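Me: Hi! Could you walk me through this one?

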Amino acid sequence: MINQYILGIIVTHLFVIIFLYSLIGKRKNRNVKEIEGDESIKISTNVAENNEYTDLIIVGAGVAGAALAHTLAKDGRRVLVIERDLSEQDRIVGELLQPGGYLKLVELGLEDCADEIDSHPVYGYALIKDDKSISVSYPLEDFHSQIAGRGFHNGRFVQKLRQKAASHPNVKMEEGTVSSLLEEKGIVKGVRYRTKTGEDIKAYAPLTIVCDGCFSSLRRTLCNSKIDVPSCFVGLVVENADLPYDSHGHVILADPSPVLFYQISSFETRCLVDIPGQKVPSISTGDMARYLKTKVAPQLPAKLRQSFIAAVDKGNIKTMHNRIMPAAPKPKPGALLLGDSFNMRHPLTGGGMTVALSDVVIIRDLLRPLANFNDPHAVCKYLEAFYTLRKVNEDSLVCHALQVIFTHELTICFELILQPVASTINILAGALYKVFCATTDEARREMQQACFDYLGLGGNFSVGPLSILCGLNPSPTHLVLHFFAVAIYGVGRLILPFPLPKCFWIGARLLTEASGIILPILQAEGARQMFFPATIPAYHRAPPVKIMPETPA
Ligand SMILES: Cc1cc2nc3c(=O)[nH]c(=O)nc-3n(C[C@H](O)[C@H](O)[C@H](O)COP(=O)(O)OP(=O)(O)OC[C@H]3O[C@@H](n4cnc5c(N)ncnc54)[C@H](O)[C@@H]3O)c2cc1C
C-alpha cells in the first residue's frame with residue numbers, strides 16, 4: 001500500500017510536469033479539428049485544354065493511394081491511378097482503424113467509406129496478463145459520437161475508398177502492374193506498366209506518387225530503406241467469439257509474444273498471433289495448427305478458447321511478416337513515396353492506416369497552393385517539408401520557440417496547428433512490442449509487469465498512453481515521459497518499502513533496458529529533427545471544422 005502511495009506521488013509529479021508542458025504548448029481546443037475547406041485551386045491551363053493531361057500518377061490503390069487520389073482529385077488535379085489488382089482482397093492487414101485515423105478520414109471527407117461494410121466500433125483496449133485484465137476507454141468524450149475506432153475487413157474498406165476515388169471525374173483508375181519508374185536525367189517522368197491484357201504502356205505526369213505498399217518494388221531509388229522483420233503475425237477469423245470486453249481491442253500478453261483480438265464484423269473477430277522471428281510453423285504439415293492449439297490456446301481466456309480452436313480447425317490460417325522501416329527518404333524530382341512503401345512500424349498497435357491517412361492530409365495541404373507540378377526540382381525541394389511536418393508538433397514548436405528566444409532566429413510560423421502522428425505512433429509501436437514480448441530476463445519481466453500495472457492505475461496513467469496509441473495525442477514528448485514513468489514506477493515497486501541490494505541491481509538494469517529499448521527507436525525515427533527541427537516549414541492548414549459532441553436536444 002505504502003509502495004503504491006509513494007509511487008503515486010512520484011508519478012503524479014511527473015504528470016504535473018507534463019501538464020505544465022502542455023500549457024506552454026497552448027493548444028487551444030483539442031476537440032476542434034481541422035478539415036478541408038472549399039478553396040478552389042488554380043490548376044494548370046493544359047488541363048482545361050487537353051483532356052488527356054495528367055497532373056499526377058499514383059501507383060497503388062490501397063489505403064494511401066485511393067485516399068490520396070480522391071483527395072487530390074477534389075482539389076482539381078487530374079489523377080491517373082494504376083492498381084495491380086482492383087478486386088476485393090482478403091488480407092489480415094489494416095483491419096483496425098484507430099480513432100485518430102478515423103478523424104483523418106473525416107478530414108479527408110472519406111468517413112462514409114467505413115460505413116455499410118459491417119464495420120464494428122472500437123471504444124478502447126483491454127490488456128490481459130495471466131488471469132488479470134484491465135480495460136481502458138479511448139478519451140472520446142469531447143468528440144461527436146460517430147468518432148471511434150473501427151474494425152472491418154480491410155478489403156471491404158479499400159474497395160469503398162477505390163469506388164469513391166474512381167467515381168470522381170478527375171480520377172482515371174487503371175488495372176495494371178507498374179514495373180518501373182521512367183527517368184530522364186535523374187527526374188522521374190512517369191511509369192511503365194503492364195495492363196491485365198498484357199499491354200505494355202508508358203504514362204507520363206509531372207509528379208508520380210508511389211503507394212505500392214509494404215512489398216514495394218519501386219521504393220529502391222526513392223528511399224534508403226532498411227527493413228527489419230522482428231516477427232510474423234498468424235491470422236485467423238474467430239466466429240462469434242465471446243470477447244471479455246465488448247467493442248474493445250484485446251491484447252493478451254502471452255509467451256512468447258502478444259496475441260490480439262478485435263472484432264471486424266458483426267460476428268467475426270480477427271485474431272493475430274505474434275511469433276517472433278521470421279520463421280513460422282508450416283501450415284501445410286499441420287505444425288501451425290498444433291502450435292496454435294497446444295501453445296497458444298491454453299494461454300487465452302477460457303471464454304475465448306473454444307471459438308479459437310474452432311477457428312484453427314476451420315483452417316483459414318494466414319501469415320504475414322511484420323516489417324519495421326523508419327522513413328529514410330531520398331528525395332528525387334518527379335516522385336514521392338507514401339504509405340507502407342515509405343514507412344512501416346510494428347502492427348501491434350494498429351497504427352499503419354492512421355499514419356498513412358495523416359500523411360495524405362499533410363500532402364494535400366502542402367500541394368494545395370501549387371498551381372501545377374511542372375517544375376520537378378522546385379516541387380521536390382518544396383515537398384521536403386513533408387518529411388519534417390509528419391514528425392513535428394507543438395512540442396517541437398515549444399522547443400523551437402525557445403531556440404528563437406535564445407538565438408533570435410525568426411524562422412518559425414506561429415500560426416501552425418500541427419497534428420502529425422507518424423513518428424509518435426511508430427515509436428510507441430516499436431517500444432510496446434519489445435516490452436510486451438515474454439523474456440527470461442528479470443529486469444525485462446519487471447518492465448512488462450510495471451507497464452501492465454501502470455496502465456491499470458487509471459486516470460491519466462491509462463488514458464495518456466492509450467490516447468497516444470490511438471492517434472489522438474501526437475506528442476512524442478508525452479510518449480517519452482510515459483515510457484520513463486513506467487520505468488520509474490517499475491524501479492519504485494522493486495525498491496520500496498524495503499530496498500534490498502538485489503532489487504537496486506534489478507532496478508538499475510530495468511532503467512538501462514528501458515533506455516536500450518526507446519533510445520534506438522528514437523534515433524531511427526530522427527528524434528533530433530522531431531524535437532528540435534532546424535526550421536519548420538510554413539504549413540497552410542485548411543480552415544477548421546468542428547467535430548464537437550452533440551448538444552443534448
Ligand atoms: C499483419 C499486419 C496487420 C496490420 N494491422 C493493421 C491494423 O489493424 N490497423 C492499421 O492501421 N494498420 C495495420 N497494418 C498496417 C496497414 O496494413 C498498412 O499501414 C496500410 O495498409 C498501408 O497502406 P498502403 O496504401 O501503403 O499499402 P496497401 O494498403 O498495401 O496498398 C498497396 C497497393 O499497391 C498495389 N500495388 C503494389 N505493387 C504495385 C505495382 N507494382 N503496381 C500497381 N499496384 C501495385 C497493391 O495491390 C495494393 O493495392 C497491419 C500490417 C500488417 C503487416
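What follows is a short chat about a sheet, a helix and a core.

Reply: Happy to. This is a predicted model, where local features need pLDDT of at least 70, side-chain atom pairs count only at pLDDT 80 or more, and totals for chains, interfaces and linings use all residues. Residues are numbered from 1 along each chain as its sequence is written.

Me: In what order do the strands of the open sheet run?

Reply: The order is 11-10-9-3-2-12-18, with mixed pairing across 7 strands. Strands are DSSP E runs of at least two residues, helices are H or I runs of at least four, both numbered from the N terminus, and two strands pair if DSSP finds at least two bridges between them.

Me: Which strands stand at the edges?

Reply: Strand 11 (200-204) and strand 18 (335-337); each has a single partner strand, so one side of each lacks a neighbour in the sheet.

Me: And how is strand 3 joined to strand 9?

Reply: They run parallel, with 5 bridges between residues 79-83 and residues 171-184. I82 sits opposite E174 of strand 9.

Me: New topic: which residues have the most contacts inside the largest nonpolar core?

Reply: I58, A67, L68, A69, V81 and C271, in a core of 149 residues. Such a core is a set of buried Ala, Val, Leu, Ile, Met, Phe, Trp, Tyr and Cys residues joined through C-beta atoms within 7 Å; buried means 20 or more other C-beta atoms within 10 Å of a residue's own, with C-beta atoms placed from the backbone.

Me: Which helix gives the largest share?

Reply: Helix 12 (residues 422-436), with 10 residues of this core.

Conventions:
Buried ≥ 20, exposed ≤ 12 C-beta atoms within 10 Å, placed from the backbone.
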